Amino acid sequence: MLISIVYDSGYGRTARQAAAVAEGVRQVPGADVKVIAVADGSIPWDRLEASDAIIFGSPTYNGTLSARLKQFMEETTGPVWRELKWRNKLAAGFTTSGANNGDKLNTLVSMALFAAQHGMIWVGLDLLPGEGDDALNRHGSWIGAMATSLQGEDPETAMVAGDLKTASYLGKRVAELAGRLAGK
Ligand SMILES: Cc1cc2nc3c(=O)[nH]c(=O)nc-3n(C[C@H](O)[C@H](O)[C@H](O)COP(=O)(O)O)c2cc1C
């Protein structure tokens with residue numbers, strides 16, 4: 001099955017989270033993942049239409065999606081939404097913020113609502129809250145994968161191990177469910 005990850009990242013942290021999601025997808029036999037940075041310009045609409053699942057990622061800026069991910073969402077209106085081309089695809093989301101809370105729930109809610117408006121099927125996390133920096137789902141989020149980056153550090157060291165594991169877990173979960181839906 002085809003899994004696409006569409007994300008934005010101003011300073012490289014969400015890009016690391018996106019890479020972790022992709023690594024999780026790759027753990028599932030038969031999963032083909034493409035990572036698409038909206039900042040790269042042209043959106044591969046055909047690939048997205050062919051995808052079984054699309055996973056959205058954004059930094060939390062001002063308590064919501066980055067402007068570039070929002071721009072991408074608005075651009076789907078003509079080529080995708082008018083014909084509900086993404087109907088019944090799986091969707092999921094991830095975000096990183098600077099503060100532990102940082103209002104990042106709102107970012108994931110915005111993604112889930114966007115997916116609902118496209119007739120997509122939202123996949124959250126099935127992980128009980130974990131404790132400690134190495135733990136899966138240390139933020140106790142059900143709606144999607146959250147990360148809190150260490151401010152003032154390079155992207156290579158800014159991400160917390162448990163948050164990257166959680167991102168990978170989400171990617172694997174989406175790929176496994178996409179496989180089940182496809183009867184594989
Ligand atoms: C314009 C802007 C707005 C931000 N707003 C928030 C916010 O509302 N809450 C928060 O916790 N962090 C906020 N941050 C911090 C970023 O979420 C954090 O640095 C994140 O890791 C950036 O991800 P990126 O490297 O993928 O851009 C903001 C950063 C910027 C540049």
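I count a residue as buried if 20 or more other C-beta atoms lie within 10 Å of its own. The model I am working from is predicted.

**Helix H4**

With that cut-off I went through H4 (105-117). Its buried residues are Thr107, Leu108, Ser110, Met111, Ala112, Phe114 and Ala115. I then looked up what covers them, and the list includes S3, H3, S4 and strand S5 (121-122). For the length of H4 I found 13 residues and a reach of 18 Å from the first C-alpha to the last. That is close to the 18 Å expected at 1.5 Å a residue. After H4 comes Gly119, with a positive phi near 70°.

**Nonpolar core**

I turned to the largest nonpolar core, which has 47 residues. Ile3, Val21, Val25, Ile55, Ala91, Leu170 and Val174 have the most contacts inside it. Elements that each supply at least two residues of this core include strand S1 (2-7), strand S3 (53-59), H4 and helix H6 (161-181). I followed up one of the residues with the most contacts, Ala91. Which residues does Ala91 touch, leaving aside its neighbours within four places in sequence? I find Ala53, Ile54, Phe56, Ala115, Met120, Ile121, Trp122 and Val123 in contact with Ala91. Of these, Ala115 is also on my list of buried residues in H4.

**Ligand shell**

I counted 19 residues around the ligand, and Tyr11, Thr14, Pro59, Gly98 and Gly102 come nearest. Helix H1 (13-26) and strand S4 (90-97) are the elements that give two or more residues to this shell. By class I have four nonpolar, 13 polar and two charged residues in the shell.

**Positive phi outside glycine**

I noted Leu84, which is not a glycine but has a positive phi of about 45°. Leu84 sits in the loop between H3 and S4. Is Leu84 buried or exposed? I have it as exposed, because 12 other C-beta atoms lie within 10 Å and the cut-off for exposed is 12 or fewer.

Asp103 is another entry here, with a positive phi of about 65° although it is not a glycine. I place Asp103 in the loop between S4 and H4. Asp103 has 12 C-beta neighbours inside 10 Å, so I count it as exposed.

**Record check**

I looked up UniProt, where an unreviewed entry lists residues 3-147 for "domain: Flavodoxin-like". Over residues 3-147 I get 29% helix and 21% strand. The end C-alpha atoms of that stretch are 21 Å apart.

Methods:
Residues are numbered from 1 along each chain as its sequence is written. This is a predicted model: local features need pLDDT of at least 70, side-chain atom pairs count only at pLDDT 80 or more; totals for chains, interfaces and linings use all residues. A residue is near a molecule or strand if its C-beta atom, placed from the backbone, lies within 6 Å of it. Helices (H or I, at least four residues) and strands (E, at least two) are DSSP runs, numbered from the N terminus. Ala, Val, Leu, Ile, Met, Phe, Trp, Tyr, Cys and Pro count as nonpolar, Asp, Glu, Lys and Arg as charged, and the others, Gly among them, as polar. A nonpolar core is a set of buried Ala, Val, Leu, Ile, Met, Phe, Trp, Tyr and Cys residues joined through C-beta atoms within 7 Å. Two residues are in contact if their C-beta atoms, placed from the backbone, lie within 7 Å. The expected span of a helix is 1.5 Å times one less than its number of residues. UniProt positions are given in the numbering used here, feature names are shortened, and annotations may be inferred rather than shown by experiment.
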